[in-house]
Amino acid sequence: MSTTVKSQDLPPEGGFPSVRYQRNLPKRGPSGAVLLLGVTLVSAYGLYRLGQTNLERRELDREKCWSRIHLVPLLQAEIDRDLYRRTLAAQAREQEIMSDVPGWKVGEKVYHTQRYVKPTVVVIDE
């Protein structure tokens, strides 16, 4: 048996190159301070716009309220004209229906009071 010695692998002259184990990742995106500043600016602008919208809505509500206040007399006049027309029509019907009853006075108050009592209007659909 002959013993042959195999030579072991040895490093190259001057040694192996150093292994780079540090991660060199590129910087991605803005820093946290820039993001915080951006969020703060966007929030401040949003609150400003919200305040402006609230002022405008308040002004529109005030305008609507005043327009309703100014329309009340006109609407009341319409209601009064309609009530007068219905009262005349009811008296005409009463005159026609009670024409054969002696001593009947058309339009006489049915309540024994001097106070104004709003007439009851009943609408019957035929």
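**Note on salt bridges, surface and pocket in a predicted model**

1. The structure holds four salt bridges, a salt bridge being a side-chain nitrogen of Lys or Arg within 4 Å of a carboxyl oxygen of Asp or Glu. Side chains of opposite charge can pair when their charged atoms come close.

2. On the basis of the values: this is a predicted model, in which local features need pLDDT of at least 70 and side-chain atom pairs count only at pLDDT 80 or more, whereas totals for chains, interfaces and linings use all residues. Residues are numbered from 1 along each chain as its sequence is written, and side-chain values use heavy atoms, with hydrogens and water left out.

3. Arg62 and Glu59 join their side chains in a salt bridge with an N to O distance of 2.6 Å. Both residues lie in helix 1, three residues apart, which is about one turn of the helix; helices (H or I, at least four residues) and strands (E, at least two) are DSSP runs, numbered from the N terminus. Arg62 is partly exposed, with a relative accessible area of 43%, and Glu59 is likewise partly exposed, with 39%, where buried means under 20% relative accessible area, exposed over 50%, and partly exposed in between (1.4 Å probe, protein chains only).

4. A salt bridge also connects the side chains of Glu78 and Arg81, again with 2.6 Å from N to O. Because Glu78 and Arg81 are three residues apart in helix 1, about one helical turn separates them. Glu78 counts as partly exposed at 43% relative accessibility, and Arg81 counts as partly exposed at 48%.

5. In the salt bridge between Arg86 and Asp82, the closest N and O atoms are 3.1 Å apart. The two residues both lie in helix 1, with a spacing of four residues, or about one turn of the helix. Arg86 is partly exposed, its relative accessible area being 32%, and Asp82 also counts as partly exposed, at 29% relative accessibility. The pair belongs to a network of salt bridges that links Asp82, Arg85 and Arg86.

6. A nonpolar patch on the surface is formed by Leu71, Leu74 and Leu75, which together have about 280 Å² of accessible area. Patches are made of residues with over 30% relative accessible area and no salt bridge, with like charges joined within 9 Å and nonpolar side chains (Val, Leu, Ile, Met, Phe, Trp, Tyr) within 5 Å; the accessible areas come from the Shrake-Rupley method with a 1.4 Å probe, and for residues only the protein chains shown count as cover. Leu74 has its place in helix 1, which spans residues 32–97, and Leu74 is partly exposed, with a relative accessible area of 49%.

7. The largest pocket has a volume of about 1000 Å³. Of the 28 residues that line this pocket, the closest to its centre are Thr87, Ala90, Glu94, Pro119 and Thr120. On a 1 Å grid over the protein atoms alone, a pocket is an open set of points with protein on both sides within 12 Å along at least five of seven lines, whereas a cavity is a set where a 1.4 Å probe fits but cannot get out, and lining residues have an atom within 4 Å of a point. Grid points are joined across faces, edges and corners, and a volume is the space filled by probe spheres set on the points. The lining divides into 13 nonpolar, five polar and ten charged residues, with Ala, Val, Leu, Ile, Met, Phe, Trp, Tyr, Cys and Pro counted as nonpolar, Asp, Glu, Lys and Arg as charged, and the others, Gly among them, as polar.

8. Glu96 lies in helix 1 and is exposed, with a relative accessible area of 62%. The C-alpha atoms of Glu96 and Val106, ten residues apart along the chain, are separated by 9.7 Å.
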